[in-house]
Amino acid sequence: MVVKRTKHLTRHERLKAENARQAEETARKNEVATLNATIANRESEISVLKKQIEDYEKSNAVSKKVLKTLQANVTDLEKRLADKDSEKAELSRSVSQDFEAELEKRKKYRLRLCVDTTA
């Protein structure tokens, strides 16, 4: 016996179509929930990375300040060393001149002694 299809869906077909639609809607909701969870995770990761960047920038700023201070200290020490070297060179010249003057005095004194003893 051949059953003719009518334009109207049977109750069973309507239920089947409704179940398929609900399954599709549930699948979409699950996909949206998964995507929202992924977005939340990514936002959390971005937040952590932003905090790390902020911390690194603060640390970098402190390091730059420390470096600037150390460079100023090195410059000051180099200047003081140059000043000490200048003082040392001047003292050395002065001692050398004093030594030469003393040596010259002794030569003159010996010469005078030699001249006096032979005369």
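The model is predicted, so to speak of local features a pLDDT of at least 70 is needed, side-chain atom pairs count only at pLDDT 80 or more, and totals for chains, interfaces and linings use all residues. Residues are numbered from 1 along each chain as its sequence is written, and side-chain values use heavy atoms, with hydrogens and water left out.

**Overall form**

Let us start with the fold. The protein chain has 1 helix and 0 strands; here helices (H or I, at least four residues) and strands (E, at least two) are DSSP runs, numbered from the N terminus. Helix α1 covers residues 11-118. Along the principal axes, the C-alpha atoms fill a box of roughly 170 × 25 × 15 Å. The radius of gyration is 50 Å, whereas a compact globule of 119 residues would have one near 14 Å. That radius is taken over C-alpha atoms, and the globule rule is 2.2 Å times the number of residues to the power 0.38.

**Surface and charge**

How much of the protein chain counts as buried? Of its 119 residues, 0% do, where buried means under 20% relative accessible area, exposed over 50%, and partly exposed in between (1.4 Å probe, protein chains only). N19, which lies in helix α1, is partly exposed at 49% relative accessibility.

The accessible surface of the chain comes to about 11,800 Å², and carbon and sulfur atoms own 58% of that surface. Such areas come from the Shrake-Rupley method with a 1.4 Å probe; for residues, only the protein chains shown count as cover. On this surface, V62, V66 and L70 form a nonpolar patch with about 260 Å² of accessible area together. Patches are made of residues with over 30% relative accessible area and no salt bridge, with like charges joined within 9 Å and nonpolar side chains (Val, Leu, Ile, Met, Phe, Trp, Tyr) within 5 Å. V66 sits in helix α1 and is partly exposed, with a relative accessible area of 43%.

The chain carries 27 positive and 21 negative charges, and their mean positions are 10 Å apart. Lys and Arg count as positive and Asp and Glu as negative, while His and the chain ends are not counted. Each charge is placed at NZ of Lys, CZ of Arg, CG of Asp or CD of Glu.

**Salt bridges**

Side chains of opposite charge can pair when their charged atoms come close. How many salt bridges does a search of the whole structure find? The search finds 12, a salt bridge being a side-chain nitrogen of Lys or Arg within 4 Å of a carboxyl oxygen of Asp or Glu. Among them are these:

| Pair | N to O distance | Relative accessibility |
|---|---|---|
| R21 and E18 | 2.4 Å | R21 42%, E18 31% |
| K79 and D83 | 3.2 Å | K79 52%, D83 34% |
| E102 and R106 | 3.5 Å | E102 35%, R106 49% |

R21 and E18 are 3 residues apart in helix α1, so about one helical turn separates them. K79 and D83 are 4 residues apart in helix α1, again about one helical turn. Of this pair, K79 counts as exposed, and D83 as partly exposed. E102 and R106 are likewise 4 residues apart in helix α1, or about one helical turn. Salt bridges that share partners also join E18, R21, E25 and K29 into one network.
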